[in-house]
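Here is a short briefing on one structure. Look through it first, then read the points below.

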Amino acid sequence: MAADSNGVARTGGDGDLLSVESIEVSYGPIRALFGISLSVGSGEMVALIGPNGAGKSSLLHAIIGLRRPSRGRVRWRGQDITGLSTQQRIRLGMALVPEHRRILATLTVEENLLVGGMILPRRMRQTQADRMIERFEVLKRKRSQPAGVLSGGEAQQLAIARALMPSPALLLMDEPTLGLAPLVATQVFALIDELRAAGMTLIVVDQNARRVLNAADSAYLVRTGRIAQSGSADELAAREDIFGSFLGGSGDD
């Protein structure tokens, strides 16, 4: 996220991989986002924090194309992609790990991965699935089992592996540790750190605001569909008033 000489977050820099400009999103008569703007540089990890119902998931959906904004623009490497479909955005290099994982319970682990690689040529799809299965040990052990038998932590690993199938440049993660035991959540954050170290660009929404801020470069606090605060992740992590006023004092999203 770029900043001006006063340290105030700004959007639309020349080096940005992604920029969101004054996005507004509605669900029928209900407005979810009110003119949100943000930017993400290549290789950067951005944290989105805020109370439940603040609009964080709606923002991710607008970025990936699952929800068409009523106003505003989404730019990818400087190009306006607001009118592109989700599949077109995936082909450009975006991927989403959705909230609640959304794996296909009746398909096997391997079949779920192949679905995630649908934009790839068939031979490359199988090769990439094999790579993901080697990378995630639990998936290797259960590759032929229905995904519905996986534990919550195992299903989350599958959801992440599925999103990684097309080798995205930008990975959006919506509540990747929601409902997971603390030890499993720590493992998910270790994977996030690994992806970040490999140079992947990330936007992460997570209920554990302190942990996600600790991992991120920059952060936005979303409240009632608006950006309430933004800056470096360290700056927001040091703001105890943010946790008391906006996050109920718990540090959770």
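**Rings and charges**

The count of aromatic pairs comes to 0, where rings of Phe, Tyr and Trp (its six-membered ring) pair if their centres lie within 6.5 Å. This is a predicted model: local features need pLDDT of at least 70, side-chain atom pairs count only at pLDDT 80 or more, and totals for chains, interfaces and linings use all residues. Residues are numbered from 1 along each chain as its sequence is written, and side-chain values use heavy atoms, with hydrogens and water left out.

- The charged end of Arg226 sits over the ring of Phe34, 4.0 Å from its centre. The rule asks for NZ of Lys or CZ of Arg within 6 Å of the ring centre and within 35 degrees of the ring normal.

**Strand β3**

- All 5 of the 5 residues of β3 (residues 45-49) are buried, so the strand is largely enclosed by the rest of the structure. Buried means under 20% relative accessible area (1.4 Å probe, protein chains only).
- Met45, Ala47 and Ile49 lie on one side, Val46 and Leu48 on the other.
- β3 runs parallel to β8 (residues 201-205), joined by 4 bridges; strands pair if DSSP finds at least two bridges between them. Val46 stands opposite Ile203 in β8.
- β3 also runs parallel to β9 (residues 218-223), again with 4 bridges. Here Ala47 stands opposite Ala219.

**Strand β6**

- Met94 and Leu96 point one way from β6 (residues 94-97), Ala95 and Val97 the other way, and all are buried.
- β6 pairs with β7 (residues 170-174) in the parallel sense over 4 bridges. Met94 stands opposite Leu170 in β7.

Notes: Buried < 20%, exposed > 50% of the residue type's maximum accessible area, 1.4 Å probe, protein only. Helix = DSSP H or I, 4+ residues; strand = E, 2+ residues; numbered from the N terminus. Phe/Tyr/Trp six-rings, centres within 6.5 Å; stacked < 30°, edge-to-face > 60°.
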